[in-house]
Amino acid sequence: MGSGPDSQRIDAMLGALPILPLRNSVLFPTSVVPINVGRPRSVRLVQELLGQERAFVGVVSQRESEVNEPNFDQLHRVGTIARVVKVIRLGPSNYSVVLNGLGRMELLEAVSMEPYMRARVARLGDRRGNDVELEALGATLRESTREVLGLMPNLPRETAGILDHVREPAALADLITSNFPPTQASVADKQKVLEALDVKQRVKLVLAMVAPQLEVLRVKKEISSMVEEEMSRSQREEMLRQQMSSIKKALGEEDEEDELEKLRLRLLESRPPDEVLDVARRQLKRLRTMSPQSAEANVARSYVEWLADLPWSKTTKDDFDVATVRRCLDEDHHGLEKVKQRIVQFSAVRKLRQDMKGPILLFVGPPGVGKTSLGRSVARATGRAYERISLGGVRDEAEIRGHRRTYVGALPGRVIRALKNAGTRNPVIVLDELEKMGSDMRGDPAAALLEVLDPEQNSTFRDHYIELPFDLSQVLFIATANSLRGVPDPLLDRMEVIEVPGYTRNDKLAIARDYLVPKQLQGHGLTTEQVDFTDAGLAALVDRYTREAGVRSLERQVAAVCRASAVALVERRKDDPSASFFEEVTPEHVEAVLGAPRYRQEDAEKQLKPGVATALASSSEGGQLMYVEASKMPGKGGLRLTGNMRNVMQESAAAAVSYVRSKAESLHLAPDWMSSIDLHLHIPQHGVPKDGPSAGVAMFAAVASLALDCPLRADVAMTGEISLRGRVLEVDELTQKLLAAHRAGVREVLIPERNRRELDEVPAQVLEKLTVHLVGSVDEVLPLVLAPPASAAESLDEESTPSGT
């Protein structure tokens with residue numbers, strides 16, 4: 001470092017020299033390098049040096065690059081004294097510092113850690129000799145480096161000339177090491193060179209770093225000279241692969257053979273059946289003869305990777321403990337006792353018969369009642385992996401069975417992909433929205449599901465991409481649907497249907513209080529001490545701002561109230577962070593936050609006019625009340641139907657009118673009572689398509705009420721399909737309809753006698769509020785539904801007496 005002013009100034013600083021730690025590099029004497037500085041201590045050091053004309057620091061490499069703020073024990077003991085040449089500010093706390101290495105130093109003792117590191121250091125000098133061996137080593141290093149530079153392409157010619165300007169072997173070794181790229185010399189290797197004070201040892205270390213690189217370049221040159229003549233384009237590509245392989249071998253890196261061997265070991269670890277193993281081995285054998293960059297090789301490699309990743313033999317241990325299953329279901333879902341009971345029964349049977357080919361469960365119910373989450377709870381209770389496959393909008397059979405490998409971008413079907421994601425062969429797979437599948441020219445995915453869901457066939461399921469049998473018999477499939485109308489009959493035949501009814505008002509209040517409110521308060525950073533949802537406030541949310549069978553919309557409304565409370569809390573604490581806050585959610589508060597009520601409470605009408613009947617209907621949203629309106633006008637016996645009725649409902653209307661005409665004498669009507677009038681049947685909410693036969697009884701009652709000019713009871717609702725012989729036939733989704741009647745305050749309902757067994761599925765609190773009349777014939781209807789005075793009802797034939805529960 002000489003003996004000038006800089007040296008004297010450095011000597012004066014040796015007792016407390018500022019230390020700048022480096023994370024991934026080593027600074028050598030005579031080197032001039034830029035260093036990015038962004039760590040707090042280093043930034044404070046640079047900021048203090050900004051005003052100094054000639055500043056000096058000690059630069060030391062870290063032992064572990066992951067440490068953000070190292071202490072002295074985490075630094076190497078040998079570093080470099082450097083002069084700060086230039087400081088460039090890149091940002092508020094980010095600088096680029098150009099350093100010029102001056103000489104080696106040794107850390108002796110820590111002085112301080114704040115505001116930046118300082119240490120007492122000592123200069124280190126080179127131990128050099130003038131023997132012949134050192135001169136020979138220096139000459140060898142110079143020539144080897146010159147040869148490396150000559151073999152490297154695209155380097156300027158004057159690069160090699162720099163070596164001639166450095167005569168000292170010690171300085172030459174430092175120069176060469178400092179310019180080694182990180183991929184060819186690690187920080188640890190460079191630190192060894194920096195710590196080598198014996199010049200002869202230092203030159204030997206650098207020679208050991210240069211030799212492998214020189215050998216790689218020589219091999220590359222030999223390969224190029226051997227194969228670069230008379231090569232076509234394909235041969236040139238092969239030559240490049242040979243070069244890559246040779247270079248990788250010289251560097252000790254993996255080649256294609258190593259990757260294929262790893263793939264083979266992955267395949268063996270998955271323990272596939274012998275048939276699968278034979279196919280995979282043939283594909284691996286083909287891969288070894290293919291060009292790795294060819295399209296065919298990519299297809300074959302992807303195929304073998306899929307075979308290796310599938311859980312051919314891996315399973316999770318089942319835990320069908322009845323108490324655990326019941327506890328998990330109760331923790332995740334309120335009510336739904338019938339559904340929970342069936343799941344518990346299923347778990348008990350599976351515990352007794354481990355090898356049982358279990359039924360495929362189909363949960364049917366309106367949106368938001370917890371069908372999908374029931375599947376997740378079953379997986380949690382049994383300790384199985386959980387996967388969900390959404391079938392809404394699926395129209396391509398290949399989505400289930402996969403694409404054949406001849407197609408570009410082919411993949412297995414969703415079932416195989418779900419098994420790969422699950423990592424076991426016995427997960428719980430939920431097939432969501434089963435009824436929303438479609439079909440088109442690409443095939444019918446429902447037909448592909450037949451094999452998947454058949455316990456007698458799915459043990460040998462063949463995906464078009466895999467083209468090998470995979471055992472699905474241990475998978476627990478759970479399907480969900482909003483309605484059975486869109487589910488194909490062959491699929492229904494393979495599944496056990498469990499109806500998940502909508503929630504009653506009391507259920508919704510309990511779910512909101514016990515589940516939704518705590519969840520949303522936590523999600524919005526609030527506590528029960530800050531926001532209190534009163535029972536009246538929750539009732540207002542349920543009655544005035546939601547109308548659904550489930551609770552999704554209710555959860556959104558609770559979240560909206562919580563957001564408003566969060567805004568009020570932030571504004572309250574804007575000036576005083578410790579200010580107290582309490583908000584009570586009352587009906588008035590709900591209306592202030594959400595605006596005017598969106599719905600009036602769903603009540604049945606207090607009084608009906610002749611020709612109006614109250615029917616019970618169901619849709620994908622759950623059960624609801626529906627009014628059938630009949631009107632007459634002068635005409636010639638025509639029948640007009642409006643209200644967006646579809647084919648089945650139009651036929652029900654025609655059957656109802658025909659039955660009233662056939663009973664004209666019993667009803668004391670003129671035989672030709674329709675000859676001079678036209679009938680008009682209408683169902684409100686024209687924008688909503690309506691279909692199904694269950695409004696037949698209500699249509700009969702409406703037409704009879706109009707013909708007799710006698711109103712029907714407003715507190716009675718009805719459902720049932722009718723035949724031309726007057727029989728009342730069974731209807732679907734009875735539970736949803738009775739829930740709708742309960743919500744609307746209806747006191748009595750008429751249902752088909754054939755639906756008697758389904759009353760066991762209706763919640764007890766609903767049946768306590770309803771009087772249910774079971775009717776098997778249309779002749780039983782009018783005495784139950786005509787409003788007093790019942791003079792018209794007395795005119796009916798006394799052929800049968802109504803039954804009820």
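This is a predicted model: local features need pLDDT of at least 70, side-chain atom pairs count only at pLDDT 80 or more; totals for chains, interfaces and linings use all residues.
Residues are numbered from 1 along each chain as its sequence is written, and side-chain values use heavy atoms, with hydrogens and water left out.

Strand β7, residues 360-364, and β13 run parallel and are joined by 5 bridges; strands here are DSSP runs of E of at least two residues, helices are runs of H or I of at least four, and both are numbered from the N terminus. Two strands count as paired if DSSP finds at least two bridges between them. The sheet as a whole is open, has 5 strands in the order β8-β9-β12-β7-β13, and is paired in parallel. At its edges stand β8 (386-390) and β13 (495-499), each with a single partner strand, so that one side of each has no neighbour in the sheet. From one strand to the next, the twist averages 25°.

Staying with β8, we find that this strand pairs with β9, residues 428-432, in the parallel sense over 5 bridges, and that Ser390 stands opposite Asp432 in β9.

Let me turn to two individual residues. Thr316 lies in the loop between α10 (295-309) and α11 (322-332), and with a relative accessible area of 23% Thr316 is partly exposed. Leaving aside neighbours within four places in sequence, Thr316 is in contact, that is, has heavy atoms within 4.5 Å, with Gly383, Arg384, Ala385, Thr424 and Asn426. The C-alpha atoms of Thr316 and Pro427 are separated by 8.0 Å, although these residues are 111 residues apart along the chain.

Asp174, by comparison, lies in helix α4, residues 169-178, and counts as buried because its relative accessibility is 4%. Residues up to four places away in sequence not being counted, Asp174 touches Phe28, Pro29, Arg104, Val193 and Arg202.

Finally, the helix pairs. Helix α22 (residues 647-662) and helix α23 (residues 696-708) pack at about 45°, with their axes 8 Å apart, where axes are lines fitted to C-alpha atoms, for helices over the stretch in contact, and angles run from 0 to 180 degrees between N-to-C directions. That angle makes α22 oblique to α23, given that angles under 35 degrees count as roughly parallel, over 145 as roughly antiparallel, 65 to 115 as roughly perpendicular and the rest as oblique. The contact is made by residues including Met649, Ala653 and Val660 of α22 and Met699, Phe700 and Val703 of α23, and its residues divide into 10 nonpolar, 2 polar and no charged. Here Ala, Val, Leu, Ile, Met, Phe, Trp, Tyr, Cys and Pro count as nonpolar, Asp, Glu, Lys and Arg as charged, and the others, Gly among them, as polar.

Helix α18 (residues 505-523) and helix α19 (residues 535-544) pack at about 115°, with their axes 10 Å apart. The residues of this contact divide into 6 nonpolar, no polar and 5 charged.

Technical notes: Buried means under 20% relative accessible area, exposed over 50%, partly exposed in between (1.4 Å probe, protein chains only).
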